[in-house]
Amino acid sequence: METVIIILKVEAGKGRDYLVWALSPDMGRLVFVFKRSKDFYEPGLFRVMKVRLEKQLNKTTLQLDENSLYKGEVIEIIHNYDHLSESYENFNKACELSQTILKITSQNHACPLAFKTVLQAMEDFLNDGDYLAWRVCLFINFLKDFGGLPELSHFAPLQQQFLIRLEESADSRKSLPKISKQKWLEFEFWALQLLDESGVRVNI
């Protein structure tokens, strides 16, 4: 199968292999083994790639092992955020957001809006974007993907506008709302409550 991913975490595996954690809009959180070859694309952090994934064969049964990790092969690099490494502060924001994504997402659960949110956050971090604002945006848009966000009719008009704007920030690349840090903290607390009610626990 083929999918698009953004790489969120990379560790050295056995031999010359990498162990890669990534987010896919149609497959959710992924963990796969990337085998190096002479023609390989190195799976650097925060690179957006089209990959081919397949389950490995069980050496005993010679059947596909559904409990094994995927083996990944890079088809092409679509985009990268390598310049984030030029600023410790912005690189750290990207790493923190990646850890949050890995905590709240799950395998085989599509999250197209959360995926778009991550891409826009990375883009904004290149320009010293606000981590807290994008963290809240991620929580809300993930809840929308997850089905844990109440219908807009349950909210006051101003709250509806705010929630719509967060979706548009990811989906239509509109700027995030200009509100105080205190307001973002209040929205973060509210989003964490909704996540908790949906069975998703996040450490602050």
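Buried means under 20% relative accessible area, exposed means over 50%, and partly exposed lies in between (1.4 Å probe, protein chains only). The model is predicted: local features need pLDDT of at least 70, side-chain atom pairs count only at pLDDT 80 or more, and totals for chains, interfaces and linings use all residues. Residues are numbered from 1 along each chain as its sequence is written, and side-chain values use heavy atoms, leaving out hydrogens and water.

**Salt bridges**

- A salt bridge is a side-chain nitrogen of Lys or Arg within 4 Å of a carboxyl oxygen of Asp or Glu. The count by this rule is 11.
- Glu2 is partly exposed, at 41% relative accessible area. Its partner in a salt bridge is Lys50, with an N to O distance of 3.6 Å. The pair links distant parts of the chain: Glu2 sits in strand 1 (residues 2-12) and Lys50 in strand 4 (residues 48-55), 48 residues apart. Lys50 is partly exposed at 28%.
- Strands here are DSSP runs of E, at least two residues; helices are runs of H or I, at least four residues; both are numbered from the N terminus.
- Arg52 and Glu73 form a salt bridge at 3.3 Å, N to O. This pair also joins distant parts of the chain, with Arg52 in strand 4 and Glu73 in strand 5 (residues 70-79), 21 residues apart. Arg52 is partly exposed at 32% relative accessibility, and Glu73 is partly exposed at 43%.
- A network of salt bridges links Glu2, Lys50, Arg52 and Glu73.
- Glu54 and Lys71 meet in a salt bridge at 3.6 Å, N to O. Glu54 lies in strand 4 and Lys71 in strand 5, so the pair ties together parts 17 residues apart in sequence. Glu54 is partly exposed at 44%, as is Lys71 at 29%.

**Helix 5**

- Helix 5 (residues 181-197) has 17 residues and should span 24 Å at 1.5 Å a residue. The expected span is 1.5 Å times one less than the number of residues. The end C-alpha atoms are 24 Å apart, which agrees.
- Its buried residues are Trp184, Phe187, Glu188, Ala191, Leu192, Leu194 and Leu195.
- Exposed Phe189 and Glu197 are on the face turned away from the buried side of helix 5.
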